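Take a look at the structure first, then read on.

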Amino acid sequence: MRMGYNLQLEQSQKLIMTPQLKQAIQILQFPTIELDQYIQDQIEKNPVLELSNEKEPGRELDKGIEDKKKEVDWKEYIKDMQNHGYSKGYAHSDENEFNYENIISSDVNLQEHLLFQFHVTLLDREYNEIGEYIICNLDENGYLTLSIEEIAKDLRVGINLVEDVLHIIQTFEPPGVAARNLTECLTLQLNSLAIEDQRVYDIVEKYLELMASNKYPVIAKKMKISVNKVQEICDFIRTLEPKPGREFATNESSYVIPDVVVKKIDDEYVIIVNDYSAPRLTIRQDYQKLMTNECENSETVKFLNDKFNAAAWLIKSIEQRRNTIYRVVESIMSKQRSFFEHGKKHLRPMTLKEIAEEIDVHESTVSRATNGKYVETPIGIFELKYFFTSGVGGDVGVEGTSSKTIKAFISEIIQKENPKKPLSDDKIVKELATRAMHLSRRTVAKYRDDLRIPSSSKRKRY
């Protein structure tokens, strides 16, 4: 076989991801909060960029109102102080405003709450180390993660001594804390409530699994009492807290800032891109003058050119992001108008491909424009991804129904059922068929599980 070298020309198309294209894609994917942070970072890196100092309309009016608020009627102020007396807890600034540092609340975790109770308990010093060790080994739900034997071995003390300290801690608030399992947790709460009915303790200690499965007749047969009484006791047990430390868990509330606001004015819907809080970027005038004065230093010219190009591309990418989001929401509005008019039950199936074809962009662009972004509507705040859902086909000539709509109907059907004779999945299938929704029993069971609704046997009331 003869081998050799030759030259051959070919034409091919390739998508090259330039840094500018990557930045535009990244900006499109940013939610509002992350975009603000990204803009701040770019301002620090690029000296050509600056925030616009244009005054917003109405700012002067607000300033005048604030000035009026700062005028103090000292006669009324002194009279008010005489009526209420002097309070050490209130501090005022020079402008007669409260010092908010005095009213800032700090969250107390479970360990701090228990340690405070333990230290005010009159115990000998030899118990301090054991009590603190037990409290520091509680998980976020308030359960003890170590056994008595392990604690005694680690601290080199007797098992009986550790049990005595543990029993003391188990009397603290919240009730049920420092338990080693669910049965002990519920028993501690029953003791704190001074429950005297032994049958309640028996169900907690012996029949928790049967209670979870709603097998009240089995429990009634074993305990030789009526089913109604078992149901009454189980209803009471369900009011107890299985995770006593939950109320002290760090609750980091996430506040949603909608990227788009949809308002209904008369019979028309108006789309407003919520970028009023975003920084307004401009190019600094002193650098513009420096470029026009023809700087002689070539390195300076190259540096300024690079920064100007980067700034211009950033501003263009932000505006392009705004337009893309607007077009996507506008297309969603046109396809889901019945949803905005009548509610969640009228959400129709829709895919990213439909929106992409309508606004003439790639499907991935629509995905990035909707990912992590929210829209505020007259019926609530929804993530843009919420409107993209699969569905099932309807009758001939009838449009398909989205899965979210079907779940809403399933939830409504179950809420209206007779609790003594709950509907099976087969009966729910027949009920949906009367509404032109033809599903299999397995699909209904799947949607019911997604809604965290138990089966008919576990929903039954006696």
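Let's start with one side chain: Asp306 counts as partly exposed because its relative accessibility is 40%. Here buried means under 20% relative accessible area, exposed means over 50%, and partly exposed lies in between (1.4 Å probe, protein chains only). Before going further, note that this is a predicted model, where local features need pLDDT of at least 70, side-chain atom pairs count only at pLDDT 80 or more, and totals for chains, interfaces and linings use all residues. Residues are numbered from 1 along each chain as its sequence is written, and side-chain values use heavy atoms, with hydrogens and water left out.

**Salt bridges**

Asp306 has a partner: it forms a salt bridge with Lys302. That term stands for a side-chain nitrogen of Lys or Arg within 4 Å of a carboxyl oxygen of Asp or Glu. By this rule the count comes to 20 salt bridges. Here are some of them, with the gap between their closest N and O atoms.

| Acidic residue | Basic residue | Closest N and O atoms |
| Asp306 | Lys302 | 3.3 Å |
| Asp259 | Arg321 | 3.6 Å |
| Asp450 | Lys446 | 3.6 Å |

Asp306 and Lys302 both sit in helix 15, 4 residues apart, or about one turn of the helix. Helices here are DSSP runs of H or I with at least four residues, strands are runs of E with at least two, and both are numbered from the N terminus. Lys302 counts as exposed because its relative accessibility is 54%.

Where do Arg321 and Asp259 lie? Arg321 is in helix 15 (residues 298-335), while Asp259 is in the loop between helix 13 (227-237) and strand 2, so this pair links distant parts of the chain, 62 residues apart. Both Arg321 and Asp259 are buried.

Asp450 and Lys446 belong to helix 21 (residues 441-450), and because they are 4 residues apart, about one helical turn separates them. Asp450 is partly exposed at 42% relative accessible area, and Lys446 is partly exposed too, at 49%. Elsewhere, salt bridges that share partners tie Lys335, Arg348, Glu354 and Glu358 into one network.

**Strands**

Strand 2 (residues 260-265) and strand 3 run antiparallel, joined by 6 bridges. Strands count as paired if DSSP finds at least two bridges between them. The two form a hairpin with 2 residues between them, and Asp266 in the turn has a positive phi of about 60°. Val260 stands opposite Val273 in strand 3, and Val262 has Ile271 as its bridge partner there. Strand 2 also runs parallel to strand 5 (residues 374-377), with 2 bridges; Val260 faces Val375 in that strand.

In a regular strand the side chains alternate between the two faces of the sheet. Strand 3 (residues 268-273) has Tyr269, Ile271 and Val273 on its covered face, and Glu268, Val270 and Ile272 on its uncovered one.

**Surface patches**

Ile265, Val270 and Ile272 form a nonpolar surface patch, with about 230 Å² of accessible area together. Ile272 counts as partly exposed because its relative accessibility is 39%. Patches take residues with over 30% relative accessible area and no salt bridge, joining like charges within 9 Å and nonpolar side chains (Val, Leu, Ile, Met, Phe, Trp, Tyr) within 5 Å.

There is a negative surface patch as well, made of Glu149, Glu150, Asp154, Glu163 and Asp164. Helix 7 (148-155) and helix 8 (159-169) each supply at least two of its residues, and helix 7 gives the most, with 3.

Methods:
Accessible areas come from the Shrake-Rupley method with a 1.4 Å probe; for residues, only the protein chains shown count as cover. Lys and Arg count as positive and Asp and Glu as negative; His and the chain ends are not counted. The place of a charge is taken as NZ of Lys, CZ of Arg, CG of Asp or CD of Glu.
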